[in-house]
Amino acid sequence: MTGHNPWDTLCECLKAKPRRRVLTGLAAKEPTETVHFTEVRADESNTGTPIHAEYIHLHLPKLADAGYIVLDEQTYEISQGPRFAEIEPFLELVQRHGERLPDGWV
């Protein structure tokens, strides 16, 4: 992402529910743990669906560009990126107070 403003970058990445799911799912993993992206999203995991393509071509690259995830473009395995620690406190708040968020937020 061009021009680094941490808050703007985070808000841009949180605009889409699939990206929120990936980030909150990764927050529950160990920092060095690598998983296939379908392990951290809470929706359909059928690899033949348009949802799968949307993750591969839109959501995962956006999170990788922001530095929040490291993406292996061959296997679609992800891990926490070099800037994940910047957003981890926010993700912890979301997880801790999830019941107070609007339905379907995460």
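This is a short tour of the structure, stop by stop, with what to select at each.

**Before you start**

The model is predicted, with local features needing pLDDT of at least 70, side-chain atom pairs counting only at pLDDT 80 or more, and totals for chains, interfaces and linings using all residues. Numbering runs from 1 along each chain as its sequence is written, and side-chain values use heavy atoms, with hydrogens and water left out.

**Stop 1: the whole chain**

Show the cartoon. The protein has 4 helices and 3 strands. Both are DSSP runs, numbered from the N terminus: helices are H or I with at least four residues, strands are E with at least two. Along the sequence the order is α-α-β-α-β-β-α.

Now colour by burial. Of the 106 residues in the protein, 39% are buried. Buried means under 20% relative accessible area, exposed means over 50%, and partly exposed lies in between (1.4 Å probe, protein chains only).

**Stop 2: helix α2**

Select 17–27, which is α2. How many of the residues of α2 are buried? The count is 10 of 11, so α2 is mostly covered by the under 20% rule. The buried set includes three arginines in a row, Arg 19, Arg 20 and Arg 21. Pro 18, Val 22, Leu 23, Thr 24, Gly 25, Leu 26 and Ala 27 are also on the list.

Glu 92 sits in helix α4, residues 84–96. Glu 92 is partly exposed because its relative accessibility is 37%.

**Stop 3**

Step back to Ala 16, in the loop between α1 (6–14) and α2. Is Ala 16 buried or exposed? Ala 16 counts as buried, because its relative accessibility is 14%.

**Stop 3: salt bridges**

Show the charged side chains. The structure holds 3 salt bridges. The criterion is a side-chain nitrogen of Lys or Arg within 4 Å of a carboxyl oxygen of Asp or Glu.

Start at Glu 12. Its bridge to Lys 15 has the closest N and O atoms 3.2 Å apart. Lys 15 is exposed, at 59% relative accessible area. Glu 12 is partly exposed, at 26%.

Glu 12 also bridges to Lys 62, where the closest N and O atoms are 3.3 Å apart. This pair links distant parts of the chain: Glu 12 is in helix α1 and Lys 62 in helix α3 (residues 50–66), 50 residues apart.

Move to Arg 83 and Glu 86. Here the closest N and O atoms are 3.3 Å apart. Arg 83 is buried, at 18%, whereas Glu 86 is partly exposed, at 45%. Which residues do shared partners join into one network? They are Glu 12, Lys 15 and Lys 62.

**Stop 4: aromatic pairs**

Show the Phe, Tyr and Trp rings. Rings (the six-membered one for Trp) pair if their centres lie within 6.5 Å; planes under 30 degrees apart are stacked, over 60 edge-to-face, and the rest tilted. The count comes to 2 aromatic pairs. One of them is Trp 7 with Phe 90, an edge-to-face pair at 6.3 Å centre to centre and 85° between the planes. The pair spans 83 residues, from Trp 7 in helix α1 to Phe 90 in helix α4. Trp 7 is exposed, with 52% relative accessible area. Phe 90 is partly exposed, with 27%.

**Stop 5: the β2–β3 loop**

Select the loop between β2 (69–71) and β3 (77–80), where Asp 72 is placed. Tyr 76 is in this loop too. Most residues other than glycine have a negative phi. Tyr 76 has a positive phi, near 65°. Tyr 76 is partly exposed, at 23%.

Asp 72 is partly exposed as well, at 34%.
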